[in-house]
Amino acid sequence: MSATRMGRINEEIQRALSELIRTVKDPRVQGLISITRVETTNDLKFAKVFISVLDKQDADQVVKGLRSAAGYLRRELGHAVDLRATPELTFVRDDSIDHGAHILSILRDPKAVKPENPDNPYREPEDKE
């Protein structure tokens, strides 16, 4: 299957699941939950759904709740998205947003990004008084 078609299928599954997650009645599935990306196999039998949760303490419980509701979500996904086969859903915790925020904080710290090199001949001299 072409890469553009798989990309569209992944986006459609992501859009549909983001709406369906709100209908899950499991008390562990609460708070602000984002689906960061979906990776579907070429034969459309399996889909790995990457989940990011705002409250990091509850992230493991949210993933467990979504894994227990995977059958319900798969059935509803089959009704929402017209595919030959509805993929089996696997939910994975995604910390890429936290990782990106950490990198951004490091980049904003000038001492971490450009430490002074005393051997640099182009360095401006410091006024010592």
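Two strands count as paired if DSSP finds at least two bridges between them, and the strands themselves are DSSP runs of E, at least two residues long, numbered from the N terminus, as are helices (H or I, at least four residues). With that in hand, select V49 and look across to β3, where its bridge partner is F91.

A word on the model before moving on. It is predicted, so local features need pLDDT of at least 70 and side-chain atom pairs pLDDT 80 or more, while totals for chains, interfaces and linings use all residues. Residues are numbered from 1 along each chain as its sequence is written, and side-chain values use heavy atoms, without hydrogens and water.

Next, select the whole sheet: three strands, open, in the order β1-β2-β3, with mixed pairing. β1 (33-40) and β3 (88-93) are the edges; each has a single partner strand, so one side of each lacks a neighbour in the sheet. Strand β2 (residues 46-53) runs parallel to β3, joined by six bridges.

Return to F91 and show its surroundings. Leaving aside neighbours within four places in sequence, F91 contacts V49, I51, V63, L66, R67, A70 and L73.

For a last stop, select R37 and F50. R37 lies over the face of F50, 3.9 Å from the ring centre; a charge sits over a ring if NZ of Lys or CZ of Arg is within 6 Å of the ring centre and within 35 degrees of the ring normal.

Conventions: Contact = heavy atoms within 4.5 Å.
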